[in-house]
Amino acid sequence: MSMHVPVERRTGSTCILPSMDSLAAAAARALAVGDPLGALKHVALRDDAPALALRGIAMAQLGDYDRARKLLRRAARGFGTRERLAQARCQVAEAEVALAARDLSGPERLLDAAARALDALGDRANALYARVLGARRQLLVGELEAAEQTLAAVDVDAGGAPPPVAARAELTRAELALRRVQVADAAAALGRAHAAAVAAGIPALIAEVGRARRALSAPSARLIRGGVVRPVRLDEVEALFASGDLVVDACRRAVRGPARSLSLAGRPVLFALVGALAEAWPADVPRDRLIELAFEARAVNESHRARLRVELSRLRAALRPLARIEPTRRGFALVPVGGRAVVVLAPPIDGPAGAILALLEGGESWSTSALARALGSSQRTVQRALRQLEEAAAELDGFATTLLLPGALPVG
C-alpha cells in the first residue's frame, strides 16, 4: 500500500505535528519513502500521540489495516481538540486506511469535515489529499459525477501539493477518464502522475501508475461484428462509440447510437433479446432460439411463444428510434435505423463476476459486503459471482477490466 504521510505545509517535511521530536521525525521520513519497518524501529515502544499516529501509518503500509485504524483513532483522541491540526491529519489517515481495506461503510461527511478543518488551519496540501481520497471512494462505488465535482476542487498546482499528493490526484483523474473511455485525457493524467510519483520516490506509487498505464494497451473487451470476435483496446472502444455504429454494449447492458443511448440494465430479458439479435446481425434469429436465450427454457411451448411476442413488443418500443425488429420467415432480425452497422461490445466474462474481477485487480482485500455495496447488489449474488470467477479465471488472462467497473461507460 502506498500510504500517504501527512505533510507540514510550510516546510514540506513529513509529519503529524510540526513539533515532532527527532525520533518521530526520523520515523516519518522512513514512512515517506515506504520503509515501515525502519519507522517502527524509532517509535514501536512509544504511546504518545505522534508516535501512535506514525505506528498506525506503518501498520497500514504493512497491510495490517485493523491495527492501523485502532492506532490512528488512539492518536486522534490523544491529540484532542487542542491540537486540531494533528487530529484532522489522523482522521484523514484513518480514512485512507479504511479505503485501502475497502470499508465503504463510513460516512463521507467525516472526511469532508477533516478537509474543511485542514483548510481552515492552513494545511492546504493535506486538505487536497482528503478531497482526493473522497473522489477515490466515489469512483469505487461508481459515482462518477460526484467524483468529477470533488476533483474540480483539487488544484495541485495552485495548492503547491507535494509530489505524493500530486501523483495520487492525477492518478485519480486518470481513473475517472478511463471509466469514461476518454483515452487521451487518461494518458495525459497518467503521464503527470508518473512524473510526480518519480519525484516522490515511492516505488509502490510508481508501480501503481505503471499498472494503470498498462490498461491503455491491454484488451478491455471483445468486439463481435457479423459473427467475428476479436479483442479491443480502450482507444478502439472510444473510436467505436464515435463511429456511428449501433453498439449493443454488454459491459453496461445498454444500446448506444450516435445521438442517444438506452440503458437496459434493469431489464435483463430485453437485453438478452437485443444481444442475441445483435450477435446474429445481419442474419435473423429463430424464435425458439430467442426463447431459449431470453427465458432459459429447455422445452419451448405456446406460453413461451406468447411471452416472446410481449417482450419483443416492449423491446421495439424501447429501441425506437435506434433500430427496428422485423419478423422473418423463421424468426426476427435487428435492423438499425439509418443503415448503420451493428456491433456487440462484450466483456471478457459475462455477469457480475466481471465487475468483481475489476474491483479485485488492485490487490486489495475486499469483503463480500463491501463488494456488494460497490456493485449495488446482494452478498449472495457476489458469492455466486466469485464462484463463477474462479471457474473462468483462465479465460481472463491479459484483459484489462476498466469497462467492467461500477459506473464505467455511463449511459445517457
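**Exercise 1. Charges over rings**

Determine over which ring the charged end of arginine 256 sits.

*Solution.* The charged end of arginine 256 lies over the ring of phenylalanine 241, at 5.2 Å from the ring centre. The criterion is that NZ of Lys or CZ of Arg is within 6 Å of the ring centre and within 35 degrees of the ring normal. Arginine 287 provides another case, with its charged end over the ring of phenylalanine 332, 5.0 Å from the centre.

The model is predicted: local features need pLDDT of at least 70, side-chain atom pairs count only at pLDDT 80 or more, and totals for chains, interfaces and linings use all residues. Residues are numbered from 1 along each chain as its sequence is written, and side-chain values use heavy atoms, with hydrogens and water left out.

**Exercise 2. Packing of α13 and α15**

Classify the packing of helix α13 with helix α15 by angle, then list the residues in contact.

*Solution.* Step 1: helix α13 (residues 268-280) packs with helix α15 (residues 302-319) at about 80°, the axes being 10 Å apart. Axes are lines fitted to C-alpha atoms, for helices over the stretch in contact, and angles run from 0 to 180 degrees between N-to-C directions. Helices (H or I, at least four residues) and strands (E, at least two) are DSSP runs, numbered from the N terminus.

Step 1: α13 is therefore roughly perpendicular to α15; angles under 35 degrees count as roughly parallel, over 145 as roughly antiparallel, 65 to 115 as roughly perpendicular and the rest as oblique.

Step 2: α13 contributes Val269, Leu270, Leu273, Val274 and Leu277, while α15 contributes Arg307, Leu308, Glu311, Leu312, Arg314, Leu315 and Leu319. Contact means heavy atoms within 4.5 Å.

Step 3: this contact of α13 with α15 comprises 9 nonpolar, no polar and 3 charged residues. Ala, Val, Leu, Ile, Met, Phe, Trp, Tyr, Cys and Pro count as nonpolar, Asp, Glu, Lys and Arg as charged, and the others, Gly among them, as polar.

**Exercise 3. Packing of α1 and α2**

Step 1: Leu23, Ala24, Ala26, Ala27, Ala30 and Leu31 of α1 meet Pro36, Gly38, Ala39, His42 and Val43 of α2. By class, the contact of α1 with α2 has 9 nonpolar, 2 polar and no charged residues.

**Exercise 4. Burial**

State which residues of helix α17 are buried.

*Solution.* In α17 (residues 368-375), the buried residues are Ala370, Leu371, Ala372 and Ala374; buried means under 20% relative accessible area (1.4 Å probe, protein chains only). Glycine 376, with a positive phi near 70°, follows α17.

Methods
Buried < 20%, exposed > 50% of the residue type's maximum accessible area, 1.4 Å probe, protein only.
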